[in-house]
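I start with a term I need, then go through the chain.

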Amino acid sequence: MAAWRRTGERPAVAVWTVEQLAEFLAFVRDDRLFALWWLIALRGLRRAEVAGLRWIDLDTDRRELTIARQLVHTDHGLSPCPPKSASSQRGIALDLDTLRLLHRHERAQRGEEGNDWSPTDPMFTRENGGAVDPDYLTHRFHKLALASGLPPVRLHDLRHGAATLSLAAGADLRVVQGMLGHASIVLTADTYTSVPPQLYHDSARATAQLVLQAARKTTRKVNKRARSYVTHMCLTVTHDQTTRLQNRGKPQVGVVGRPGLEPGTYGLKAPPPTGPPIRKAKN
């Protein structure tokens with residue numbers, strides 16, 4: 001968005017910041033399709049996929065949405081078709097907040113349709129109860145984005161933003177690939193090589209923290225060993241001093257400098273003789 005403001009040129013992947021997305025979601029909170037905008041913005045569904053969702057595609061126990069079909073324009077009008085590719089047939093993991101939001105949307109829809117409601121009905125509908133047209137979603141989003149006063153992005157850019165948010169949250173590239181339904185991780189990597197500067201800062205901070213944590217652990221180990229060594233030396237010195245004090249005034253015996261040298265050579269005195277004196281023999 002910063003580059004767009006400076007140059008007026010649209011980048012390949014134009015996404016709102018987290019703060020801008022939060023501002024948009026707050027702006028459309030009372031829109032009847034609020035849960036739809038939320039799903040695209042956070043889980044990266046294509047517009048045709050979200051238009052094709054039915055309530056039977058929601059597994060509450062597993063907290064998962066199954067992408068089993070999409071709504072597209074054909075010669076016979078708007079028709080359900082298989083997803084774009086085999087990899088597009090996927091499960092979308094849901095957090096508890098998103099699950100609660102969908103349940104609230106379901107209760108509102110049941111209140112509108114009464115006894116006519118069915119779990120095979122579209123999850124998102126127009127005021128007349130009919131399925132939403134993907135082209136209508138594009139038109140509706142464009143109007144809401146302009147009214148919000150935020151930098152202009154396309155509906156498809158919400159899908160890009162979901163991938164960028166996942167990467168910013170630390171998701172692995174393969175997890176993002178599965179969420180988006182890309183057939184190849186190369187496509188995912190090529191599309192999202194241009195990431196917001198915040199991701200680079202987060203990466204730098206995470207790398208520094210990794211090294212600093214290791215350094216702190218190493219310092220603690222070194223300090224512990226140093227304290228142990230100092231304690232050992234202090235105990236040794238204390239023991240030696242105590243021994244010298246205990247031996248003070250006592251004669252030093254049995255200490256010889258080198259083998260073959262008499263006692264006293266190194267200032268040590270031989271012990272006094274014991275027993276009766278030896279008398280010299282008379283000649």
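First, the term: a crossing is right-handed if the near helix is turned clockwise from the far one by less than a right angle, and left-handed if anticlockwise. I note that this is a predicted model, where local features need pLDDT of at least 70, side-chain atom pairs count only at pLDDT 80 or more, and totals for chains, interfaces and linings use all residues. Residues are numbered from 1 along each chain as its sequence is written, and side-chain values use heavy atoms, with hydrogens and water left out.

**Entry 1: the whole chain**

I counted 10 helices and five strands in the protein chain. Helices (H or I, at least four residues) and strands (E, at least two) are DSSP runs, numbered from the N terminus. Of its 283 residues, 31% count as buried. Buried means under 20% relative accessible area, exposed over 50%, and partly exposed in between (1.4 Å probe, protein chains only). I looked up the accessible surface too: about 18,600 Å², with 56% belonging to carbon and sulfur atoms. Then I checked contacts, meaning heavy atoms within 4.5 Å. Among those between residues at least 6 apart in sequence, 60% join residues at least 24 apart.

**Entry 2: α2 and α3**

I took α2 (residues 18–27) and α3 (residues 34–43) next. Their axes come within 10 Å and cross at roughly 165°. That makes α2 roughly antiparallel to α3. Axes are lines fitted to C-alpha atoms, for helices over the stretch in contact, and angles run from 0 to 180 degrees between N-to-C directions. Angles over 145 degrees count as roughly antiparallel, under 35 as roughly parallel, 65 to 115 as roughly perpendicular and the rest as oblique. The crossing of α2 past α3 is right-handed. From α2, I found L21, F24 and L25 meeting F34, W37, W38, A41 and L42 of α3. These contact residues divide into eight nonpolar, no polar and no charged. Ala, Val, Leu, Ile, Met, Phe, Trp, Tyr, Cys and Pro count as nonpolar, Asp, Glu, Lys and Arg as charged, and the others, Gly among them, as polar.

**Entry 3: α2 and α6**

At what angle do the axes of α2 and α6 cross? I read roughly 110°, with the axes coming within 10 Å. The two helices are therefore roughly perpendicular. E23, F24 and F27 of α2 make the contact with F141, L144, A145, A147 and S148 of α6. I sorted the residues by class: six nonpolar, one polar and one charged.

**Entry 4: R63**

R63 sits in the loop between β1 (58–59) and β2 (64–67). Its phi is near 55°, a positive value in a residue other than glycine. R63 is partly exposed, with a relative accessible area of 36%.

Definitions and conventions:
Accessible areas come from the Shrake-Rupley method with a 1.4 Å probe; for residues, only the protein chains shown count as cover.
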